[in-house]
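Biologist: I would like a close look at one residue and its surroundings, followed by an account of how the rest of the chain is packed. Please give the cut-offs as you go.

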Amino acid sequence: IHGYTALTRSSKDAPLLKHLDNCIETDIKEICRDNHVVGNRARGDEIILIGTSAYDMVNTVLTISDYFGEKKLECNVAFIRRRRTDRQKLPLLSISAGIAGGKKYDSLLITAGGDLSGPVVNLAARLQSQANRMSSDCSQLLVTETVRIKYETESGKQFAPAFSQSELAFLDVGPFAFK
């Protein structure tokens with residue numbers, strides 16, 4: 001979440017910070033559950049998502065971006081109605097995210113403490129970091145080519161139901177090296 005650290009360090013508004021923390025702990029988990037994805041908050045604003053479908057993963061990240069952004073989940077009337085009436089308004093925030101996966105041979109390691117690691121987690125973290133470098137003031141989502149292809153196949157070209165065709169497009173930036 002862009003600005004999370006600055007907000008938590010500079011804000012004197014304890015109820016706002018408690019509200020932000022509660023939103024990450026409850027509403028983001030509800031968004032994940034609604035999209036058939038498991039969300040695990042690692043620390044601060046770092047959230048790791050695990051899902052079985054590229055469609056569910058991309059739509060979850062887009063919905064989380066929407067949650068903190070301006071559009072405000074117009075497609076989920078009951079959720080947004082409850083959020084608008086029961087909670088104070090969060091400042092507008094943007095996110096950066098990376099999604100990797102789709103290859104059956106990618107290993108995923110789960111430690112005794114429940115942490116996730118392995119090549120797929122490492123690649124997703126590097127994509128997120130690159131997305132953050134590309135723009136620190138608007139939401140960016142980078143996905144691997146495998147995820148894009150699977151998303152397009154699984155969606156039947158019905159990209160992100162909460163977004164119009166002009167709001168979601170894939171841009172092929174070609175191969176690039178992280179190191």
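Leaving aside its neighbours within four places in sequence, which residues is Ser96 in contact with?

Modeller: Ser96 is in contact with His2, Gln128, Ala131, Asn132 and Gln140, once neighbours within four places in sequence are set aside; contact means heavy atoms within 4.5 Å. This is a predicted model, in which local features need pLDDT of at least 70 and side-chain atom pairs count only at 80 or more, while totals for chains, interfaces and linings use all residues. Residues are numbered from 1 along each chain as its sequence is written, and side-chain values use heavy atoms, without hydrogens or water.

Ser96 is buried, at a relative accessible area of 13% (buried is under 20%, exposed over 50%, partly exposed in between, with a 1.4 Å probe and protein chains only). Ser96 belongs to strand E3, residues 96–99 (DSSP runs: helices H or I of at least four residues, strands E of at least two, numbered from the N terminus).

Strand E3 also has the highest confidence in the chain, at 93, whereas helix H4 (residues 77–86) has the lowest, at a mean of 52; pLDDT is the predictor's confidence in each residue, from 0 to 100. Over the chain, the mean pLDDT is 80, and 80% of the residues reach 70 or more. Where pLDDT is low, the predicted coordinates should not be read in detail.

The largest nonpolar core has 27 residues, and Leu20, Ile64 and Phe68 have the most contacts inside it (a core is a set of buried Ala, Val, Leu, Ile, Met, Phe, Trp, Tyr and Cys residues joined through side-chain atoms within 4.5 Å). Helix H1 (4–10), helix H2 (14–34), H3, E3 and H6 each give two or more residues to this core. Of these elements, H3 supplies the largest share, eight residues. Leu20 touches Tyr4, Leu7, Phe68, Leu90 and Leu93, residues up to four places away in sequence not being counted. A second, separate core has six residues, among them Ala100, Ala124, Ala131 and Leu142.

Helix H3 also holds Asp66, which is buried at 4% relative accessible area. Asp66 and Ser94 are 28 residues apart in sequence, with a C-alpha to C-alpha distance of 8.6 Å.

For aromatic rings, those of Phe, Tyr and Trp (its six-membered ring) pair if their centres lie within 6.5 Å, and planes under 30 degrees apart are stacked, over 60 edge-to-face, the rest tilted. The count by this rule is two aromatic pairs. Tyr55 and Tyr151 have ring centres 5.5 Å apart and planes at 20°, so they are stacked. This pair links distant parts of the chain, 96 residues apart: Tyr55 is in helix H3 (residues 54–68) and Tyr151 in helix H6 (residues 145–155). Tyr151 is buried, at 0%. Tyr67 and Phe68 have ring centres 5.0 Å apart and planes at 90°, so they are edge-to-face. Tyr67 is buried at 1%, and Phe68 is buried at 0%.

Strands E1 (residues 37–43) and E2 (residues 46–51) pair in the antiparallel sense over six bridges; pairing requires at least two DSSP bridges. Gly39 stands opposite Leu49 in E2. The hairpin of E1 and E2 has two residues between the strands, and Gly44 in it takes a positive phi near 55°.
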